[in-house]
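Please open the model in a viewer and keep the selection panel at hand.

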Amino acid sequence: MKFSIQSRNDSQSNELKELAKNYLQDFGLILDEVEPDIVISIGGDGTLLHAFHNHVKRLDKVAFVGIHTGHLGFYADWKPSELEKLVLCIAKNQYKVVEYPLLEVNVCNHTEISSYLALNEATIKSPNVTLVMDVFLNDRHFERFRGDGLCISTPSGSTAYNKALGGAIIHPTLQAIQVTEMASINNRVFRTIGSSLVLPAHHTCKLKPVKNQTFTMTIDHLQLDHNELDYIIFKVAKEKVRFARFRPFPFWERVHDSFIASE
Ligand code: NAD
């Protein structure tokens, strides 16, 4: 089996990376940064987001697992002290793979379509001025949004930026995406729904700019600048992300341990 290790690049994560690499090679596993079967991320959730985007073109061939060298993460849920146990499980192939849904983003202008996959979310904002966008659900006009921006998240990303915006937490077995407002303008003249919208697979959310604005878009930790755009379409992607699971750590327990109290 081939593995690669993504480190956050701080001294603790780098030390652990060296240790993990040596252990895995002792078991006969092959280090392959380009075409690994398993990617071990050492750092935090942000490190796993980087690992995801490094291997986004071959998601069907790779499984991810995360060790946290800071606080417990949603994707990085193994402790550094569990490294030997983790290596043993990988070497003996003692794991199952769980798949979580992703968000597909298609940014369209008159000449081309740029497509992206997000593990957590995509956001769209308009720096310094109010964002004005027509929102279409399944190609029907739904509302004209005015406000700071919109966040469209995956179920596993619902505990990240989306949660800070007051969105719902969605279990990742649900094939869905969530559209959450950032500070919408609501008064006697302007009106938005105000609540987060949860869209099932095969439904689309389309955003169409109303005026010529400069936009800032993010896909997870990545920032994109698309000034010339006709519309953006968001939907549940057909691709999935695969996580290697070595022991049960149910989603609601992770939510509890991350946000309420850890045992
Ligand atoms: P980072 O790695 O420092 O992540 C920021 C925080 O978000 C960390 O505490 C991390 O553990 C947490 N996080 C990331 N994914 C999570 C998830 N799926 N569930 C629960 N917590 C999660 O920063 P980065 O490398 O820039 O990561 C980008 C992510 O930061 C974005 O995808 C976005 O979700 C998050 N973010 C959050 C806010 C906010 O909460 N107000 C604002 C901007 C970005």
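Begin by selecting E143, L150, V179, E181, I193, S195 and L197, which line the largest cavity of this predicted model. The volume of this largest cavity is about 40 Å³, and the structure holds 1 cavity of 30 Å³ or more. Next, display the strands β10 (140-153) and β11 (176-184), the elements that give two or more residues to the lining of the largest cavity.

From β11, follow the chain into the loop between β11 and β12 (197-200), and select V189, which is placed there. Is V189 buried or exposed? With a relative accessible area of 67%, V189 is exposed, because residues over 50% are counted as such.

Finally, turn to the helices and select α1 (residues 11-26) together with α3 (residues 83-91). How do the two axes cross? They come within 10 Å of one another and cross at roughly 35°. The crossing of α1 past α3 is right-handed. To view the contact itself, show the side chains of L16, L19, A20, Y23 and L24 on α1, and of L83, E84, V87 and I90 on α3. By class, this contact of α1 with α3 comprises 8 nonpolar residues, no polar residues and 1 charged residue.

Terms used
Residues are numbered from 1 along each chain as its sequence is written. This is a predicted model: local features need pLDDT of at least 70, side-chain atom pairs count only at pLDDT 80 or more; totals for chains, interfaces and linings use all residues. Side-chain values use heavy atoms; hydrogens and water are left out. Axes are lines fitted to C-alpha atoms, for helices over the stretch in contact, and angles run from 0 to 180 degrees between N-to-C directions. Helices (H or I, at least four residues) and strands (E, at least two) are DSSP runs, numbered from the N terminus. A crossing is left-handed if the near helix is turned anticlockwise from the far one by less than a right angle, and right-handed if clockwise. Contact means heavy atoms within 4.5 Å. Ala, Val, Leu, Ile, Met, Phe, Trp, Tyr, Cys and Pro count as nonpolar, Asp, Glu, Lys and Arg as charged, and the others, Gly among them, as polar. On a 1 Å grid over the protein atoms alone, a cavity is a set of points where a 1.4 Å probe fits but cannot get out, and a pocket is an open set with protein on both sides within 12 Å along at least five of seven lines; lining residues have an atom within 4 Å of a point. Grid points are joined across faces, edges and corners, and a volume is the space filled by probe spheres set on the points. Buried means under 20% relative accessible area, exposed over 50%, partly exposed in between (1.4 Å probe, protein chains only).
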